[in-house]
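Here is a colleague's note on the structure shown below.

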Amino acid sequence: AWLLLVLGRLGRLATAGQVLPATGELATGPIADAVLAMEERLDREWGLGELAQRAGLNRSYFVRRFKRATGLSPMAYLARRRAEKAAVLLLTTDRPIAHIGKQVGWHDPNYFARRFRQAFGMTARAYRGQLPTPPLAREGEDPVRW
């Protein structure tokens with residue numbers, strides 16, 4: 001599980017030099033505020049209009065700046081972060097798979113299953129089965145500090 005966290009972080013850092021603008025838009029500014037809001041509440045039903053309004057930008061301009069800063073559209077970024085957090089929770093907790101889906105913002109178990117399979121190429125159950133040891137976190141603890 002820790003290896004997954006480290007590899008995810010390294011992957012984001014490795015691509016950061018290729019997609020981040022020279023202004024460092026993810027360090028501060030309206031895009032950073034939108035990213036932080038999404039990271040803090042992955043389970044929330046975010047809308048593009050709401051994120052653009054939070055950033056104080058026109059919707060289409062917000063999408064262009066977000067994509068320039070992260071390499072992904074806002075909704076694709078949100079989906080990727082949800083899948084990453086779900087993957088970590090699957091490996092570090094013994095919570096039911098449907099509960100993890102709800103915790104990351106995919107409230108329909110079938111939709112969660114489709115999105116997870118799309119992101120990782122396997123079911124959540126198969127992904128969880130990769131870990132040969134028992135989960136590391138107890139119920140009620142947040143094993144991931146995003």
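1. **Main core.** The largest nonpolar core holds 16 residues, and I31, M38, W46, L51, F62 and F66 touch the most other members. A nonpolar core here is a set of buried Ala, Val, Leu, Ile, Met, Phe, Trp, Tyr and Cys residues joined through side-chain atoms within 4.5 Å. Buried means under 20% relative accessible area, exposed means over 50%, and partly exposed lies in between (1.4 Å probe, protein chains only). The elements that give two or more residues to this core are α2 (30–40), α3 (48–55), α4 (59–70) and α5. Helix α2 gives the most, with five residues. Helices (H or I, at least four residues) and strands (E, at least two) are DSSP runs, numbered from the N terminus.

2. **Basis of the model.** This is a predicted model: local features need pLDDT of at least 70, side-chain atom pairs count only at pLDDT 80 or more, and totals for chains, interfaces and linings use all residues. Residues are numbered from 1 along each chain as its sequence is written, and side-chain values use heavy atoms, with hydrogens and water left out.

3. Look at W46 in the main core. Leaving aside residues up to four places away in sequence, W46 touches A37, M38, R41, L51, R54, M75, L78 and R82. Contact means heavy atoms within 4.5 Å. There is also a second, separate core of 14 residues, which includes A79, A87, W106 and F116.

4. **Helix α2.** V35 is found in this helix. V35 counts as buried because its relative accessibility is 10%. V35 and L78 are 43 residues apart along the chain, and their C-alpha atoms are separated by 8.7 Å. E39 also lies in α2. Is E39 buried or exposed? E39 has a relative accessible area of 13%, so E39 is buried. Its side chain makes a polar contact with the side chain of Y77, at 2.7 Å. A polar contact is a pair of N or O atoms within 3.5 Å; within protein, one must be able to donate a hydrogen and the other to accept it, and residues adjacent in sequence count only if both atoms are side-chain atoms.

5. The structure holds five salt bridges. A salt bridge is a side-chain nitrogen of Lys or Arg within 4 Å of a carboxyl oxygen of Asp or Glu. Side chains of opposite charge can pair when their charged atoms come close. E84 pairs with R81, with the closest N and O atoms 2.2 Å apart. Both lie in α5 (residues 74–92), three residues apart, about one turn of the helix. E84 is buried because its relative accessible area is 19%. R81 is at 4%, so R81 counts as buried. Salt bridges that share partners join E39, R80, R81 and E84 into one network.

6. **Partly exposed pairs.** R44 forms a salt bridge with E50, and the closest N and O atoms are 2.4 Å apart. R44 counts as partly exposed at 30% relative accessibility, and E50 counts as partly exposed at 26%. D43 forms a salt bridge with R41, at 3.3 Å between the closest N and O atoms. D43 is partly exposed, at 30% relative accessible area. R41 is partly exposed as well, at 41%.

7. **T92.** T92 lies in helix α5. Its relative accessible area is 6%, so T92 is buried. The side chain of T92 reaches the backbone oxygen of V88 at 2.7 Å.

8. **Helix α7.** Just after α7, G121 takes a positive phi of about 75°.

9. **The chain overall.** The secondary structure comes to eight helices and zero strands. Buried residues make up 34% of the 146 residues in the chain. Among contacts between residues at least 6 apart in sequence, 64% join residues at least 24 apart. The chain exposes about 8500 Å², and carbon and sulfur atoms supply 55% of it. Accessible areas come from the Shrake-Rupley method with a 1.4 Å probe; for residues, only the protein chains shown count as cover.
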